[in-house]
Amino acid sequence: MDIQSSVPQANHFDANSVDSFRLESKYDGNAKTYDEYPPGQAVEKWAVDEFLGRGGFSVVHKHVQEGTGRVRAVKNIQKSRYPFHAREFNIMVILSKSEHRSLFVELLGWFENKDRLFIAMEYLEQGDLRKHLDKPLAEEVVQKITKQVLNGLQVMHGNNIAHRDLKPENIFVVSMSPVWVKLGDFGTSKRVHGDTAFRSQVYTDCYVAPEVLGLDPNAESSVYTNAVDIWALGCVVYELLTGEKLFSTLGQITKYYYKEAFPEQKLSKLTTLTSDAVKSFIQRLVVLNSNGRPSAAEAAGDIWLEYVRDCPELSRFNIPLTEIHEP
């Protein structure tokens with residue numbers, strides 16, 4: 001279950017980025033084919049292909065350019081149902097710098113009509129990580145995924161952005177051999193600046209940190225920090241290694257919070273060669289007090305990840321990378 005509170009927040013496009021990423025498209029969100037008009041180039045004809053996914057306020061389809069086979073994923077967001085629709089675009093612009101291209105699903109552009117915003121993104125044929133979890137993953141694979149996700153979180157947190165919905169469905173796979181994943185779906189992500197803060201109760205049940213749930217009756221405010229992403233990653237790592245969720249229900253998270261006793265019996269299912277190190281790693285990430293969790297950089301330096309490279313070696317991948325549009 002996803003919950004969002006009605007906290008007033010600014011919703012406007014970053015004026016410095018709008019034109020750099022604007023696409024002149026005639027797509028209305030319903031047509032099966034449409035034309036697009038790149039500046040100084042021939043008209044491109046695009047066709048709407050398979051359904052890729054659905055969120056609370058949006059739907060994503062694969063779009064294919066006729067005659068070339070170029071593909072992209074296009075998110076169709078209903079403006080009236082989601083008043084903060086520009087926020088996702090602004091965050092993707094910040095994360096679209098070429099030095100971050102290995103870490104995040106790439107932003108290709110945007111277009112709109114009076115009712116809908118369309119965000120064109122890199123299409124990844126292997127889908128999200130959930131599609132690869134028919135059985136537990138090898139520890140070496142999980143270590144690489146974890147390090148790459150932490151590299152992405154370092155960039156996000158360094159720009160005052162919290163993902164706020166980190167889970168296997170929002171970790172996208174470029175390749176599983178060699179391992180290369182990217183963070184994506186920033187629909188509930190937020191950047192804080194000035195007097196803004198993280199307050200909204202946005203989450204997916206099994207990965208939500210207790211402070212988002214407002215379990216502390218003595219808390220002076222509903223504000224939380226980007227440490228919620230660290231908690232979620234701890235839950236994801238456990239699931240990748242065991243095939244089971246660390247916390248299957250909100251009730252289990254609540255029980256852990258009020259009893260202040262980590263579910264030690266769950267850790268017995270971690271039987272990897274470095275089981276003591278990975279157990280310690282997970283426990284560091286799901287500490288109840290958010291101030292006691294490591295930063296993304298600190299977690300990336302954990303002994304369990306000591307011999308894992310910071311990012312994939314792109315030269316090892318025979319995969320064409322989409323041209324980056326620099327604002």
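In the predicted model, R130 and E239 form a salt bridge in which the closest N and O atoms are 2.6 Å apart. This pair joins distant parts of the chain, 109 residues apart: R130 lies in the loop between β6 (116–121) and α3 (139–158), while E239 belongs to helix α5 (residues 227–242). The two partners fall into separate accessibility classes. E239 has a relative accessibility of 4% and therefore counts as buried, the cut-off for that class being under 20%. R130, at 26%, counts as partly exposed. The contact is also part of a network of salt bridges that links R130, E169, E239 and K245.

Across the whole structure, the search finds 19 salt bridges. One of these is formed by the side chains of D35 and K45, with an N to O distance of 3.1 Å. Here too, distant parts of the chain are linked: D35 is in strand β1 (residues 33–36) and K45 in strand β2 (residues 44–54), with the two residues 10 apart. D35 is partly exposed, its relative accessible area being 22%. K45 is likewise partly exposed, with a value of 44%.

A further salt bridge connects the side chains of K114 and D115, at 3.3 Å from N to O. K114 has a relative accessible area of 71% and is therefore classed as exposed, since that class begins over 50%. D115, at 42% relative accessibility, counts as partly exposed. In general, side chains of opposite charge can pair when their charged atoms come close.

Key
Residues are numbered from 1 along each chain as its sequence is written. This is a predicted model: local features need pLDDT of at least 70, side-chain atom pairs count only at pLDDT 80 or more; totals for chains, interfaces and linings use all residues. Side-chain values use heavy atoms; hydrogens and water are left out. A salt bridge is a side-chain nitrogen of Lys or Arg within 4 Å of a carboxyl oxygen of Asp or Glu. Helices (H or I, at least four residues) and strands (E, at least two) are DSSP runs, numbered from the N terminus. Buried means under 20% relative accessible area, exposed over 50%, partly exposed in between (1.4 Å probe, protein chains only).
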